[in-house]
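Open the model in your viewer and keep the sequence panel beside it. The stops below tell you what to select and what you will find there.

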Amino acid sequence: LPGTGTCYQQAKRVLHAAVPEHLHAREKETGIIQQFLRDHVCGHRPGSLYVSGAPGTGKTACLSRVLLDCKDELARSKTIVLNCMALSSPQGIFPAVGQQLGLPTATGREGVRRLEKHLTTKGPMVLLVLDELDQLESKGQDVLYTLFEWPRLPGSRLVLVGLANALDLTDRSLARLGARPAGGPRLLHFLPYTKEQLTTILQERLGQVAGDPVLDAAALQFCARKVSAVSGDARKALDICRRAVEVVELEVRSQTLLKPLPGGEY
């Protein structure tokens, strides 16, 4: 079967959890993040945004898409993106941010003080994006509290965007902030994908592969129904379909190898 390998390889490629050109069913969230960055980073107004939602609901993909789309608008500010999973402890966030800002290494209180001084002196806006923010939970929640306090310091030029799985992280950790006159961070929650949304996402991805569909519509709907019932995690749905393509590919290969010769019999 000439070319079958390529259509299966293409299918597996489009089913990877990369950042697509267009995020289906996340137009509203994308618009909110875009507007927030325009108002605060481009508008020179410090502030914070807390993005929550279960894994695979498109938080990181949405933010990555917006950062790509707004690259030119954000060019005059400094953008730092850190994944908190990579830190060995919650306190490790301060030296990590300091390093990104080109500050001399300092640990403990001295490091935090130096960062605060840097972020409240004149200069371009700093956009700090912290993914997997849940990792920064600490005893007394001092790390999270300090970070979300920074945009509210007089003369601050920091815009903070935190992404976390937990919906109530702000209630638990930042209740002190909410009680203040200026209030806590702006909240944006990503709901799990529905069966219909997952089906469309899978169809959109596989629609990029030319020729007959590699997986039929019933298989996609079955996968979407199962995943939406458990988690609504788009990454899981893409994974399952990728594995299904591998199974089909192996079956087709073995059938090709077993085909009888023309005119011959088994």
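A disulfide is counted when two cysteine sulfur atoms lie within 2.5 Å of each other. This is a predicted model, and a search of the whole structure finds 0 disulfides.

**Stop 1: cysteines**

Is Cys-42 buried, exposed or partly exposed? With 31% relative accessibility, Cys-42 counts as partly exposed.

Cys-241 has 3% relative accessibility and so counts as buried.

**Stop 2: the span 45-165**

Select residues 45-165. An unreviewed UniProt entry lists this span as "domain: ORC1/DEAH AAA+ ATPase". Its end C-alpha atoms are 26 Å apart, and the span is 32% helix and 21% strand.

**Stop 3: strand β4**

Select residues 158-164, which form strand β4; 7 of its 7 residues are buried. In a regular strand, side chains alternate between the two faces of the sheet. Which residues of β4 lie on each side? Leu-158, Leu-160, Gly-162 and Ala-164 are on one side, Val-159, Val-161 and Leu-163 are on the other, and all are buried.

β1 and β4 run parallel and are joined by 6 bridges. To find the pairing, look at Gly-47, which stands opposite Val-159 in β4.

**Stop 4: strand β3 and its partners**

Select β3, residues 126-131, which pairs with β4 in the parallel sense over 5 bridges. Two places to look are Val-126, whose bridge partner in β4 is Leu-158, and Leu-128, whose bridge partner in β4 is Leu-160.

Why is β3 said to be largely enclosed by the rest of the structure? Because 6 of its 6 residues are buried. Val-126, Leu-128 and Leu-130 cover one side, with Leu-127, Val-129 and Asp-131 on the other.

β2 and β3 pair in the parallel sense over 6 bridges, and Val-81 stands opposite Val-129 in β3. Then show helix α6, residues 142-149: β3, α6 and β4 make a right-handed β-α-β unit.

**Stop 5: helix α4**

Select Ile-93, which is in helix α4, residues 93-100. Its relative accessible area is 0%, so Ile-93 is buried. For a distance across the model, pick Gly-31 as well: Ile-93 and Gly-31 are 62 residues apart in sequence and 28 Å apart in space, C-alpha to C-alpha.

**Stop 6: the span 193-251**

Select residues 193-251. UniProt, again in an unreviewed entry, places "domain: Cdc6/ORC1-like ATPase lid" here. The span is 75% helix and 0% strand, with its end C-alpha atoms 31 Å apart.

**Stop 7: the largest pocket**

Which residues lie nearest the centre of the largest pocket? Select Ala-17, Gly-56, Gly-58, Ala-61 and Arg-235, which have that place among the 29 residues of the lining. The volume of the largest pocket is about 540 Å³. The elements giving two or more residues to its lining are α3 (59-69), β4, α9 (195-206) and α11 (234-258). Select these four elements to end the tour.

Definitions and conventions: Residues are numbered from 1 along each chain as its sequence is written. This is a predicted model: local features need pLDDT of at least 70, side-chain atom pairs count only at pLDDT 80 or more; totals for chains, interfaces and linings use all residues. Side-chain values use heavy atoms; hydrogens and water are left out. UniProt positions are given in the numbering used here, feature names are shortened, and annotations may be inferred rather than shown by experiment. Buried means under 20% relative accessible area, exposed over 50%, partly exposed in between (1.4 Å probe, protein chains only). Two strands pair if DSSP finds at least two bridges between them. A crossover is right-handed if, with the strands pointing away from the viewer, the path from the first strand over the helix to the second runs clockwise. On a 1 Å grid over the protein atoms alone, a cavity is a set of points where a 1.4 Å probe fits but cannot get out, and a pocket is an open set with protein on both sides within 12 Å along at least five of seven lines; lining residues have an atom within 4 Å of a point. Grid points are joined across faces, edges and corners, and a volume is the space filled by probe spheres set on the points.
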